[in-house]
Amino acid sequence: MTLSATLARLDVIRVAGRIGAEVSGLRLGGDLDEAAIAELRAALLRHKVVFLRGQQHLDDAAHQAFAARLGTPVGHPTLPGDGGDFLLELDSHRGGKANSWHTDVTFVPDYPAISILRAVIVPPVGGDTTWANCVAAYDRLPPALRTLAEGLRGVHSNDYDYTANQDTADDALDAYQATFTSTIIETEHPLVRVHPETGERALVLGSFFKRFAGHGQEESRRLYDLFQTHITRLENTVRWRWQAGDVAIWDNRATQHYAIDDYEGAHRVMRRVTLAGDVARGIDGQESRRVV
């Protein structure tokens with residue numbers, strides 16, 4: 001499938017200039033025909049993240065059945081599933097927050113290709129999610145920085161401090177982090193990944209990043225800040241205001257996202273299924289590799 005594939009049946013409206021589109025005219029479920037799946041996938045590859053309102057009919061089983069039509073569902077490597085083998089619940093009252101820029105599960109070599117997130121309970125105000133286009137970030141690097149990026153490899157780990165951004169003690173978040181880091185995993189990725197379906201090049205960073213191979217911590221952090229700032233420029237982002245029953249589907253190989261924790265203790269519950277990806281590969285052909 002190419003990015004120029006014609007979307008004949010779906011109504012696809014761009015939400016922001018460089019990333020994101022709202023799709024209507026589709027009722028998600030395991031019974032979608034092949035043509036609808038193909039069109040949805042084409043929209044996803046083109047826009048990096050797509051949003052669908054009014055999917056309240058989805059329950060956990062239907063969510064997973066739809067996911068299986070789009071790819072191969074996979075469980076989280078360290079967190080237990082809720083409501084099904086491949087469904088992960090993100091409950092703000094049980095530590096399920098991720099208020100940092102990240103790509104899902106980059107601490108493994110074959111991190112998920114696609115994530116499918118369903119809004120179950122949304123706060124009355126706040127709790128938006130923002131996505132950034134890592135392909136647009138790479139494409140717009142100055143030539144000298146692009147050359148530098150293409151020679152770097154970054155180590156990612158799940159040994160990430162989820163409590164770093166919290167203002168007060170949170171026992172639920174502490175327990176969530178303890179489970180998340182119950183098995184430490186580290187993987188070395190090329191900073192510039194070649195997308196296996198589109199051939200586009202994307203920067204691979206986010207909050208699971210630890211250091212650049214061959215560089216010390218201080219130098220690694222300065223390089224990280226340099227490239228991460230390009231990814232999260234507002235021009236490369238889209239922000240979605242959730243309603244219960246919304247579904248967001250994003251290309252995890254080409255984006256980062258940030259769940260904004262500005263809802264002051266209100267309840268927020270999201271459920272996610274991720275689809276299997278392949279081992280990341282750099283422009284030199286070298287694959288990602290697990291180091292711990």
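Q: What makes a group of residues a patch here?
A: Patches take residues with over 30% relative accessible area and no salt bridge, joining like charges within 9 Å and nonpolar side chains (Val, Leu, Ile, Met, Phe, Trp, Tyr) within 5 Å. Accessible areas come from the Shrake-Rupley method with a 1.4 Å probe, and for residues only the protein chains shown count as cover. One such nonpolar surface patch, of about 200 Å², is built from Ile184, Val291 and Val292.

A quick word on the model: it's predicted, so local features need pLDDT of at least 70 and side-chain atom pairs count only at pLDDT 80 or more, while totals for chains, interfaces and linings use all residues. Residues are numbered from 1 along each chain as its sequence is written, and side-chain values use heavy atoms, with hydrogens and water left out.

Q: Why is Val291 called partly exposed?
A: Buried means under 20% relative accessible area, exposed means over 50%, and partly exposed is in between (1.4 Å probe, protein chains only). Val291 has 33%, so partly exposed it is. Val291 sits in the segment after β17 (289-290); strands (E, at least two residues) and helices (H or I, at least four) are DSSP runs, numbered from the N terminus.

Q: How do you know that Arg69 and Glu34 form a salt bridge?
A: The term asks for a side-chain nitrogen of Lys or Arg within 4 Å of a carboxyl oxygen of Asp or Glu. The closest N and O atoms of Arg69 and Glu34 are 2.8 Å apart, so the pair qualifies. This one links distant parts of the chain: Arg69 is in helix α2 (residues 60-70) and Glu34 in helix α1 (residues 34-47), 35 residues apart.

Q: What makes Glu34 exposed or buried?
A: Its relative accessibility is 58%, so Glu34 counts as exposed. Arg69, at 24%, is partly exposed.

Q: What makes Arg201 and Glu150 a salt bridge?
A: N to O comes to 3.3 Å, so the pair meets the cut-off. The two side chains link distant parts of the chain, with Arg201 in strand β11 (residues 201-203) and Glu150 in helix α4 (residues 143-150), 51 residues apart. Arg201 is partly exposed at 33%, and Glu150 is partly exposed at 27%.

Q: What joins Asp60, Glu89, Asp91, Arg94, Arg118 and Arg271 into one network?
A: Salt bridges that share partners do. The structure holds 23 salt bridges.
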